Amino acid sequence: MASALISAKNFSVFLVKSVFSLLESLVFTVLPRPRKDVAGEIVLITGSGSGIGRLLALKFARLGCVLVLWDVNKAGNEETLRMAREAGAARVHVYTCDCSRREEVYRVADQVKKEVGDVSILINNAGIVTGKKFLSCPDELMEKSFDVNFKAHLWTYKAFLPAMLANNHGHLVCISSAAGLLGINGLADYCASKFAAFGFAESVFMESFAQRKGGIKTTIVCPFFINTGMFDGCSTGAPLLLPILEPEYAAKKIVDAILQEQVYLYMPRFLYIVMILRSLLPTKTAQLLVDYMGGLNVMDHFVGRKKIN
């Protein structure tokens, strides 16, 4: 009898909370979510020496954050430092760090803790792409893809998550990819690394929820190709539905998602429909649709950046 009453009580609590969360979600489909104040927060961005990482740094600089910029490219990172200061950042700290090397991540992370403080917003943005078919991709490049695109997330979380948990305050941002949601022809190693990053970030999100650490927020970003040079030569067979994204637009959407504590951000929005169709359509039908939309040929003319760091 007692267990039945407890079960009924638990179900009632679940029901009330579920209805509230659904109503909240419905309200925020009409009204914009409130944006949190991040002034004074310590924001660490990996891959800040160019592309989306640089644009994110500039946007957080204008929000009054303390910036910690990591990149393997010292010259590019120094340029981001200069631009961030021009954008109004009061405190910017730059570190040369190869995020693919675990011991280097831990060493530089310890330096950050001593010189700057506890990171409260961690943005894992650094990434590389080989752009080679699986059997044509050298083993060392596939390993590098995993080291940068996925394993670096493990080491940065290990370094900075404990302080967030102790303070019950922090925000973990994973820049995954549409290639972390769907297998793409010509991107086997990249897809695998981005799927891993997505799954890892989602798992840690659930761990913090299980520990009742409501102050730890997570945002997982899955964009289609962004015109930063990383995917030069790539195309889209459906530019109206799946356009190649402009960097400024993508960076703005990412910052908005962080400030509104949005857990999942897919860009463009058509990706949400793609994920629904993937679940509902028979596999052969889905393959035919991908082929019809030119999805099998997006990497045919891939050039990419001249050098992979």
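1. Which side chain meets that of Asp98 in a salt bridge? The partner is Lys144, and the N to O distance is 3.8 Å. This note concerns a predicted model, and the distance should be read with that in mind. Asp98 is found in the loop between β3 (92-96) and α4, whereas Lys144 belongs to helix α5, so the bridge ties together parts that are 46 residues apart in sequence. Asp98 counts as buried because its relative accessible area is 13%, under the 20% limit for that class. Lys144 has 21% relative accessibility and therefore counts as partly exposed.

2. The sheet deserves attention next. It is an open sheet of 7 strands with parallel pairing, and the strand order is β3-β2-β1-β4-β5-β6-β7. Its edges are formed by β3 and β7 (264-267), each of which pairs on one side only. On average, neighbouring strands are turned by 15 degrees against each other, direction ignored.

3. The parallel strands β2 and β3 are joined by 5 bridges. Within β3, Thr96 is the residue that stands opposite Asp71.

4. Helix α5 touches β1, β2, β4 (121-124), β5 and β6, and its direction makes about 170 degrees with that of β4. Helix α6 touches β5, β6 and β7, and the angle between its direction and that of β6 is about 160 degrees.

5. The nonpolar interior follows. In soluble globular proteins, nonpolar side chains tend to be buried together. In this model the largest nonpolar core has 58 residues, and those with the most contacts inside it are Trp70, Val112, Phe160, Leu187 and Phe231. Several elements supply at least two residues each, among them the strands β1 (42-46), β2 (66-71), β5 (170-175) and β6 (216-223), and the helices α4 (102-115) and α8 (270-280). The largest share, 8 residues, comes from α5.

6. What does Phe160 touch, if residues up to four places away in sequence are not counted? The residues in question are Leu44, Trp70, Ala109, Val112, Lys113, Val119 and Leu122. Of these, Trp70 and Val112 are also named with Phe160 among the residues that have the most contacts inside the core. A second, separate core consists of 33 residues, including Leu55, Phe60, Ile254 and Ala257.

7. The structure holds 12 salt bridges. One of them joins Glu248 and Lys59, whose closest N and O atoms are 2.5 Å apart.

8. The closest N and O atoms of Lys151 and Asp147 are 3.6 Å apart. Both residues belong to helix α5, and because they are 4 residues apart, about one helical turn separates them. Lys151 is partly exposed, its relative accessible area being 33%. Elsewhere, salt bridges that share partners join Arg35, Lys252 and Asp256 into one network.

Conventions:
Residues are numbered from 1 along each chain as its sequence is written. This is a predicted model: local features need pLDDT of at least 70, side-chain atom pairs count only at pLDDT 80 or more; totals for chains, interfaces and linings use all residues. Side-chain values use heavy atoms; hydrogens and water are left out. A nonpolar core is a set of buried Ala, Val, Leu, Ile, Met, Phe, Trp, Tyr and Cys residues joined through side-chain atoms within 4.5 Å. Buried means under 20% relative accessible area, exposed over 50%, partly exposed in between (1.4 Å probe, protein chains only). Contact means heavy atoms within 4.5 Å. A salt bridge is a side-chain nitrogen of Lys or Arg within 4 Å of a carboxyl oxygen of Asp or Glu. Two strands pair if DSSP finds at least two bridges between them. Axes are lines fitted to C-alpha atoms, for helices over the stretch in contact, and angles run from 0 to 180 degrees between N-to-C directions.
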